[in-house]
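I'll jot down what I look up as I go.

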Number of protein chains: 2
Amino acid sequence: MVNVEIITIGDEILIGQVVDTNSAWMGQKLNEAGIEVRQITSVHDQKEQIISSIEDALGRSEVVLLTGGLGPTRDDITKTTLSEYFESPMILHEETLRRIEEFVEKRGGEMNELNRSQAMVPAACQPLPNPFGTAPGMLFRKEGRLVFSLPGVPYEMKYLMENEVIPLIRNEFKTEEILHRTLLIHGLPESVLATRLEDWEDHKPAGLKVAYLPAPGRIRLRLSINGSDRKALESVVEKEIEKLFRLLPGYISSTDEEFLPQLIGRLLKEKKQTLSTAESCTGGSIAAALTSVPGASAYFKGSVVAYANEVKMSMLNVSGESLNRFGAVSKEVVEEMAQGCRMALKTDYAIAVSGIAGPDGGSEEKPVGTVWIAVAGLDRTHSGAFKMGNQRLRTIEKSVLAGLEMLRQVIVNY
Amino acid sequence: MVNVEIITIGDEILIGQVVDTNSAWMGQKLNEAGIEVRQITSVHDQKEQIISSIEDALGRSEVVLLTGGLGPTRDDITKTTLSEYFESPMILHEETLRRIEEFVEKRGGEMNELNRSQAMVPAACQPLPNPFGTAPGMLFRKEGRLVFSLPGVPYEMKYLMENEVIPLIRNEFKTEEILHRTLLIHGLPESVLATRLEDWEDHKPAGLKVAYLPAPGRIRLRLSINGSDRKALESVVEKEIEKLFRLLPGYISSTDEEFLPQLIGRLLKEKKQTLSTAESCTGGSIAAALTSVPGASAYFKGSVVAYANEVKMSMLNVSGESLNRFGAVSKEVVEEMAQGCRMALKTDYAIAVSGIAGPDGGSEEKPVGTVWIAVAGLDRTHSGAFKMGNQRLRTIEKSVLAGLEMLRQVIVNY
């Protein structure tokens, strides 16, 4: 099976200014097309580093995908480095020049020396037209191996991957079917889960790989298998999943990459119930997570982000007395928020969150990280207090998960 | 100056199931501590790949940081691989065993063989205590070079980085001050900006590195410099930033990593004005972006996520007639949403968004990706329609930026 490596070029990744989401997207798409990514390497915009990373990758893999460093500015050196590495002088590619002229004109800009320079490419390469930017993709061939150079701008890279790179690789190399299935498991620590599955792991089919991905409160168990016949692979994996459901009764909450927002959506759709959220410290993040799921409008009606106390009163009917007596971050207020939201938005359930995300606003009694969460349901309201630590964004993230998980338990148990 | 490399171990990154946020965080923290990351490499849970990536890294750099593959399950092989690579047999580390016993007991669990196995480490390593999990960090030394092995669970890795790894590196190697400053530039295409800065780039101080990071509608221009005296570096960079403000009058909207939510927060605080949002297809994502900023409560009062039309009517006072006549995704409705939100939440500005994120809900007249955005201000309401494409999450993300950018222009121009 063909091996592919990704090399991302750019200081911004190594200094942590940018998270490398391109490689994850590329890994996913390549896997779906039956192509394995062997290694991802991130290097600086530095000639020697780029060249040695390409050499190393070509020593291991048939295809190398470079991203980044193709802009018209001086800090971008990928193209001149490739010209040197492939000992191929830069020439003007007329077709690319015309495309750039059209592109610039359409956007009401004017051609300048730097735009024009984007049409210069190493003579040895096959330019790959990029309709979304001025930098063309490039394909180089070396002893039967392929080196692609792609822009780092995500939507330009994605277009070229889907329309040029993946079809070219599939055309020239043998690919396989790659199948991943992920089970979401709640309520068992990793070591207990693994102990329960010991015997199953001893006897699982050859070629089936198992991975444990732990996260707070849940474990993702991934089954992976490669082969030529997708149907056959699917039947192998389905059989193992059936065994796992029998081995772990009640612990598997979903198959596939179905996270809490998807899972809750499925539960609500099954029961034909609806949901709303009343959010203070999470600032709309629970609603955003729920509405990231296509079709959420079938069960999610809306949310009141009540950051200011006056909004808690006017929109959610929280009483001024409760706010004064117990404070905004309290069992009383968060339960009133949930109930008020459920009434105002006329839904079966409402999740409410009120907490101190920090860095300011903490007190001795209620330190930064204190979060109250409530779920109002058909006949009662559940609530709980959490200590989420002192990192603002982490507290928001944890509160989103805790709120969704509280709702999941309420839906499942009633 | 010391060179550090990061190697992440785990199939989940290479198949794109997980985005590698650990490396970005590590890169940032190391830079702040005056330590440069030379390369990031991601490899599979596969013995030969792990060993050859360590060998390659040690050939280039003084310090290698491994993350991942330290769980108690069979798919995690980093520890046994290190035992083989350093030719060092596994021994029981009593102190770690006691720590694990305490950890498991505190959480109400029971010790089992797999937990106990987490206390086995290669004899040659120095275990680094991890208070947040069962896997200890490990430090190996080889010919004056250091190899650290850290868990992949983010909060465990972060604790060990801050409390063990960075202090150890700073203690044993020469570090420097590393300074990055980023300017946010609006309204100039990259090639035009670079042309304007040509002369400045020709004459900038030696050692000052410049990088252009383009994104839709804006460019981040990063200045980076290394040296021994932080004060001196700061004064060099400040002088250049002053020059840039003179060369690009009106185009620089902020210095440092100040993105739109921060920038808008600063503008509103200066003007003592307040903001709310009324969101349909963005589902709370604008509110979430605004409240990711510490201190947002000074200007952000709240949001109504009006996913259902009845919520648009009841909470935002949108007229049923407009909904019937023009549809939820229309100039009329989005303007009513903005005005209604501004009134209901009593704020100076309100952003409203209504669109079709897809995959369903599109029509010939209003295809998936059609988004209307409005900003209601003191005396008038601005609005515009956008075509955001057919990828749901990308449409939400683009709509957040477009809404914030529309508000920024309204605030700046009035």
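Which residue of chain B forms a salt bridge with A:K301? I looked it up: the partner is B:E310, and the closest N and O atoms sit 2.5 Å apart. A reminder to myself is that this is a predicted model.

Next, the rest of the interface. I count ten salt bridges between chain B and chain A. The polar contacts across this interface come to 40 residue pairs. On the side of chain B that touches chain A, β2(B) gives the largest share, with eight residues.

Then I checked the extent of the contact. Chain B puts in 88 residues, and chain A puts in 88 residues. About 6,900 Å² is buried between the two chains, with carbon and sulfur atoms giving 54% of that. In chain B, the residues that lose the most area to chain A are B:I15, B:Q17 and B:R74, together 9% of what that side buries.

Back to β2(B), which covers residues 36-43. Seven of its eight residues are buried. Strand β2 of chain A pairs with β2(B) in the antiparallel sense, over five bridges. There I found A:T41 standing opposite B:T41. Strand β1 of chain B, residues 3-9, also pairs with β2(B), in the parallel sense over seven bridges. In that pairing B:T41 is the bridge partner of B:I7.

Last stop, the core. The largest nonpolar core has 45 residues, and A:V304, A:L316, B:V304 and B:L316 have the most contacts inside it.

Notes:
Residues are numbered from 1 along each chain as its sequence is written. Chains are lettered from A and ligands numbered from 1 in the order in which they are written. This is a predicted model: local features need pLDDT of at least 70, side-chain atom pairs count only at pLDDT 80 or more; totals for chains, interfaces and linings use all residues. Side-chain values use heavy atoms; hydrogens and water are left out. A nonpolar core is a set of buried Ala, Val, Leu, Ile, Met, Phe, Trp, Tyr and Cys residues joined through side-chain atoms within 4.5 Å. Buried means under 20% relative accessible area, exposed over 50%, partly exposed in between (1.4 Å probe, protein chains only). Helices (H or I, at least four residues) and strands (E, at least two) are DSSP runs, numbered from the N terminus. Two strands pair if DSSP finds at least two bridges between them. Contact means heavy atoms within 4.5 Å. Buried area is the accessible area (1.4 Å probe) that two parts lose on being put together, summed over both. A salt bridge is a side-chain nitrogen of Lys or Arg within 4 Å of a carboxyl oxygen of Asp or Glu. A polar contact is a pair of N or O atoms within 3.5 Å; within protein, one must be able to donate a hydrogen and the other to accept it, and residues adjacent in sequence count only if both atoms are side-chain atoms.
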